[in-house]
Amino acid sequence: MTPPARLLAPPSVNAQTWAGTTAELLLVGQEQHHRPTGMALLSDRTALVTCPDGLLAVDTGRGHAHWHLALPGCHGAPVVRQNGAVLVLCGSALVHWHDGQLLAVAGGFEDGAVLIPGPDGEPWVLSGSGVTFGTGQGTLTLTRAGDNAGDHVSYPITFDAAVRTAAWLDRRRFFLAASGHSAVVARTARRLDPHPRFLPGAPPAYGP
């Protein structure tokens, strides 16, 4: 990857969104056969980029890259803990990489699972799907992963929508986003139940 200042003809990039957010083009890379599927910051100058063959550590200033974790099957954005440990989804499993040791800490997740940083950066995994059009049985689940296999705790969610992703809000509250549907869920005993309050501007849980 190369800083745009070193290119004779840097690409034109729209750096302003309709909401007023601006972006800065830092690096330009050659087109690859497989697109990266996620990114997280390892430090102020290093970004971890998830590729099908593992995690690339990219110097955001110079563009130099090397393998941080060479592991085929990785997908989605990784989560970096305060101690430098990195967690990423690999196939149907969640793996933990730190000080040269690779551990599988949870698994059995359905295709399309999403890794989410929760309170204090702890890893949570959203997997499964909700019931849509009142048919079938939902498998939507949020799982809090531990440091070792068997330490995870799963919370089933009953929500009639095809949830795509989630984001942590505060305490044990998460925002669920789907195509035209959204809701806030909060932990209640051993479940995460839809919360009666919704984010400003978000459509109702069962509305269009």
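**Exercise 1. Getting an overview**

What percentage of the 208 residues in the protein chain is buried? Work it out, then describe the secondary structure.

*Solution.* Let's start with what we are looking at. This is a predicted model, in which local features need pLDDT of at least 70 and side-chain atom pairs count only at pLDDT 80 or more, while totals for chains, interfaces and linings use all residues. Residues are numbered from 1 along each chain as its sequence is written, and side-chain values use heavy atoms, with hydrogens and water left out.

Step 1: Apply the burial cut-offs: buried means under 20% relative accessible area, exposed over 50%, and partly exposed in between, using a 1.4 Å probe and protein chains only. Buried residues come to 37% of the 208.

Step 2: Look for helices and strands, which are DSSP runs numbered from the N terminus (H or I with at least four residues for helices, E with at least two for strands). The protein chain has 16 strands and zero helices.

**Exercise 2. Rings around Trp124**

Classify the ring pairs that Trp124 makes with Tyr155 and with Phe174.

*Solution.* Step 1: Recall the rule: rings of Phe, Tyr and Trp (its six-membered ring) pair if their centres lie within 6.5 Å; planes under 30 degrees apart count as stacked, over 60 as edge-to-face and the rest as tilted. By this rule there are two aromatic pairs.

Step 1: Trp124 and Tyr155 have ring centres 5.8 Å apart and planes at 20°, so this pair is stacked. Trp124 belongs to strand 10 (residues 123–127) and Tyr155 to strand 12 (residues 153–156), 31 residues apart.

Step 2: For Trp124 and Phe174, the centres are 4.8 Å apart and the planes are at 50°, so this pair is tilted. Phe174 sits in strand 14 (residues 173–178), 50 residues from Trp124.

Step 3: Trp124 is buried at 0% relative accessible area, Tyr155 is buried at 3%, and Phe174 is buried at 0%.

**Exercise 3. Charges around a hairpin**

Which residue takes a positive phi in the hairpin of strand 13 and strand 14?

*Solution.* Step 1: Strand 13 (residues 163–170) and strand 14 pair in the antiparallel sense over six bridges. Two residues lie between the strands, and Arg171 has the positive phi, near 45°.

Step 1: Arg171 is exposed at 58% relative accessibility, whereas Asp170 is partly exposed at 25%.

Step 2: Glu122 lies in the loop between strand 9 (114–117) and strand 10, and Arg172 in the loop between strand 13 and strand 14, so the pair ties together parts 50 residues apart in sequence.

Definitions and conventions:
Two strands pair if DSSP finds at least two bridges between them.
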